[in-house]
Amino acid sequence: MASTAEAGAAAASSSSATEEELTLTVKWSGKEYTVRVCGDESIGELKRRICQVTNVLPKRQKLLYPKLSGPKLSDDSILLSQLPLKSSLKMTMVGLENDSVDKYVVFLLALESLFHALKLSYHSKNNTTQTRTLTFSRTVEDDIIVDQVDAPEIVDDFELGQDEVVDIKDKEVNKQKLQRRINQFKIELLNPCREGKKLLVLDIDYTLFDHRSTAENPLELMRPYLHEFLSAVYAEYDIIIWSATSMKWVELKMQQLGVLSNPNYKITALLDHMAMITVQSDSRGIFDCQPLGLIWGQFPEFYSSKNTIMFDDLRRNFVMNPQNGLTIRPFRKAHANRDTDQDLVNLTQYLLAIADLKDLSKLDHKHWESYTEETAKRRRHN
């Protein structure tokens, strides 16, 4: 009995430690900033909080803390409850402010297109003309994107078992993280939510845009029929763009593609990595995801699980709301595939076919390609 009681006490103590809120002082660039975190949050979450007050992107941050080695603070998956953090000790952050590089981004994007394959001609000793091609291995996205895949050929995704997905979604600790995000993060509307419209949430990279290929004009890397797709579905859906990158990159890319200025549709809001939360899987460890509950929690009079659908090439991003996610085929190698990619045309038909349904969460979006207008009619009459 004693051992059982001790085990229960230990579990309660551990739970209390993870839920306890901790106020940390972070020193950066001669100033001190206060951030509040909980033990069940990760180093990655802490960096997001620091980003909110300093404007230094998480990937640019290096954290220093008394008696803690560098590797522990550089692993974004480590939970704060596993570290001996105290409010009385100050943390130091080293990193370059986002705004200090923003003015160079457009210029660098132009240079990247110009110099990605730079050919140099010169005369050799035998008076023949020789040509050499210089290529650059880094892109501007390498410096401003938060969660970058290792190579354009690899989609950094994984499959979670159904039981594990349910476990992640229903875990109390993840529900608490979501509630904190609802309370602390404010969605800024670009255009008003529309009464009676459903909601379409879209990823950017590999969903709307091939961010790893290079081109003189970003429009060459845009997924085919993007504007036609958005124009058609706007009649039935409000549209929110949500990317696991910085807001500066989201805004820049949407401006370059003409999404924010198209007269045939309006974007309701833009969301970035700051709106994401960290969850833990038994098989895959800690990773970030995009909880639609954040949107539902802030606009409950307009959106819910019944009228929302999300497109992303990474299925893990909607692990908190799997019934609302549709895994889209990634649009890569734009130059080779842009003449044959028809996914947005077909998805337009799907979205319009299901637009009259009362509850989208009852659909199995894995089989969207076999869904027809006749199927929609039968469902409406049942």
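**Exercise 1.** Which residue's side chain meets that of Asp343 in a salt bridge?

*Solution.* The model is predicted: local features need pLDDT of at least 70, side-chain atom pairs count only at pLDDT 80 or more, and totals for chains, interfaces and linings use all residues. Residues are numbered from 1 along each chain as its sequence is written, and side-chain values use heavy atoms, without hydrogens and water.

Step 1. A salt bridge is a side-chain nitrogen of Lys or Arg within 4 Å of a carboxyl oxygen of Asp or Glu. Asp343 forms one with Arg329, at 2.9 Å from N to O.

Step 2. Asp343 lies in helix α12 (residues 343-354), whereas Arg329 is in the loop between β13 (325-327) and α11 (334-337), so the pair ties together parts 14 residues apart in sequence. Helices (H or I, at least four residues) and strands (E, at least two) are DSSP runs, numbered from the N terminus.

**Exercise 2.** Locate the salt bridge between Glu45 and Arg181, and state whether each residue is buried or exposed.

*Solution.* Step 1. The two side chains meet at 2.7 Å, N to O. Glu45 belongs to helix α2 (residues 43-54) and Arg181 to helix α7 (residues 172-184); the pair links distant parts of the chain, 136 residues apart.

Step 1. Buried means under 20% relative accessible area, exposed over 50%, partly exposed in between (1.4 Å probe, protein chains only). Glu45, at 1%, is buried; Arg181, at 5%, is buried.

**Exercise 3.** How many salt bridges does the structure hold?

*Solution.* The structure holds 12 salt bridges.
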